[in-house]
Amino acid sequence: WPPLAHHCALANVCSPAQWSCAAVRAVQMFCGDNVCQATVVGRMASTSQSTMLVIITREEEGNAVSLLDYLVYHGLARRQGGGTERLARPGRIFLSLPPVKAGTEFSVSVVVGKVDSPGELYVNLVGENSYALATMLEAIQEEYTGELVDEQKVLLPRVGMVCVVKFSGDGKFYRAQVTKVLEKRMVKVWFVDFSSSEVVQAGGLRRI
């Protein structure tokens, strides 16, 4: 039988004289026991061995996330020539209520939440929806309070990504959506059930 382990190197990366231990651990965390996709884009040959140049990707929320993009985002590698290997869509999205038709009039009981101005405010429905919200929030705390597991980790934050994140006001987890990816691995999120916004560390995002 021929050797079953193939020697590879990431393509489009500026290779340092010696990779850091943090970079090695990041590659191991990214790949884990997951099935990844390797796209061969070139080959390096020497007298001792042949090395395939590959782009490694892993699926997250229906997106192919690049290992190199992941390393660059975390400051553990530099990409040759700049740019990104692959553009990622937001992936999973929240459902929206159907629009109200013009001329339709009805009344419901609400609690007024965030108020930006008289022309822009947010309300929560009272009644069965209140019970459903309380039940959902209780389930979220039970699921996300405790030790972080691999299935909850976000590899690469994207604008529009839905997630769960801890709110600084009370230290509890809530549903949120990423509205802006900032420098120094920070993101701005919008808490969709209460319409509050906050800047948090990307490492604090949890997959739904």
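This is a predicted model: local features need pLDDT of at least 70, side-chain atom pairs count only at pLDDT 80 or more; totals for chains, interfaces and linings use all residues.
User: In what sense, parallel or antiparallel, does β4 pair with strand β3 and with strand β5?

Analyst: Strand β3 (residues 37-45) and β4 run antiparallel and are joined by 8 bridges, with alanine 38 opposite isoleucine 56 of β4. The pairing of β4 with strand β5 (residues 63-66) is likewise antiparallel, over 4 bridges, and here threonine 57 stands opposite serine 66 in β5. In the hairpin that β4 and β5 form, 2 residues lie between the strands, and glutamate 61 takes a positive phi near 55°.

User: How many helices and strands does the whole chain have, and what percentage of its residues is buried?

Analyst: The chain has 3 helices and 12 strands. A residue is called buried under 20% relative accessible area, exposed over 50% and partly exposed in between, using a 1.4 Å probe and protein chains only; on that scale, buried residues make up 27% of the 208 in the chain. The chain exposes about 14100 Å², of which carbon and sulfur atoms supply 55%, the areas coming from the Shrake-Rupley method with a 1.4 Å probe and, for residues, only the protein chains shown counting as cover. As for contacts (heavy atoms within 4.5 Å), residues 24 or more positions apart account for 53% of those with a separation of 6 or more.

User: Which residues touch the most other members of the largest nonpolar core?

Analyst: A nonpolar core is a set of buried Ala, Val, Leu, Ile, Met, Phe, Trp, Tyr and Cys residues joined through side-chain atoms within 4.5 Å. The largest one here has 33 residues, and Phe30, Tyr70, Val165, Val178, Val187, Val189 and Leu205 touch the most other members. Among the elements that give two or more residues to this core are α1 (21-31), α2 (67-73), α3 (128-144) and β10 (173-181), and α2 gives the most, with 5 residues. Valine 165, for example, touches Val189, Phe191 and Leu205, among others, when residues up to four places away in sequence are not counted.

User: Is proline 157 buried or exposed, and which residues does it touch?

Analyst: Proline 157, in the loop between α3 and β9, is buried, with a relative accessible area of 9%. Leaving out residues up to four places away in sequence, proline 157 touches Tyr73, Val181, Val187, Ala202 and Leu205.

User: How many salt bridges are counted, and where do their partners lie?

Analyst: A salt bridge requires a side-chain nitrogen of Lys or Arg within 4 Å of a carboxyl oxygen of Asp or Glu, and the count by this rule is 4. One of them joins aspartate 69 and arginine 79 at 2.2 Å, N to O, linking helix α2 to strand β6 across 10 residues, with both partners buried. Another joins aspartate 193 and arginine 175 at 2.7 Å, N to O; aspartate 193 lies in the loop between β11 and β12 (196-201) and arginine 175 in strand β10, so this pair ties together parts 18 residues apart in sequence. Aspartate 193 is buried, at 14% relative accessible area, whereas arginine 175 is partly exposed, at 23%.

User: Which residues make the nonpolar surface patch?

Analyst: Patches are made of residues with over 30% relative accessible area and no salt bridge, like charges being joined within 9 Å and nonpolar side chains (Val, Leu, Ile, Met, Phe, Trp, Tyr) within 5 Å. Here Phe106, Val108, Val110, Val112, Val115, Leu121, Val123 and Leu125 make a nonpolar patch of about 680 Å², to which β7 (110-117) and β8 (120-125) each give two or more residues. Phenylalanine 106, from the loop between β6 (78-79) and β7, is exposed, with a relative accessible area of 55%.

Definitions and conventions
Residues are numbered from 1 along each chain as its sequence is written. Side-chain values use heavy atoms; hydrogens and water are left out. Two strands pair if DSSP finds at least two bridges between them.
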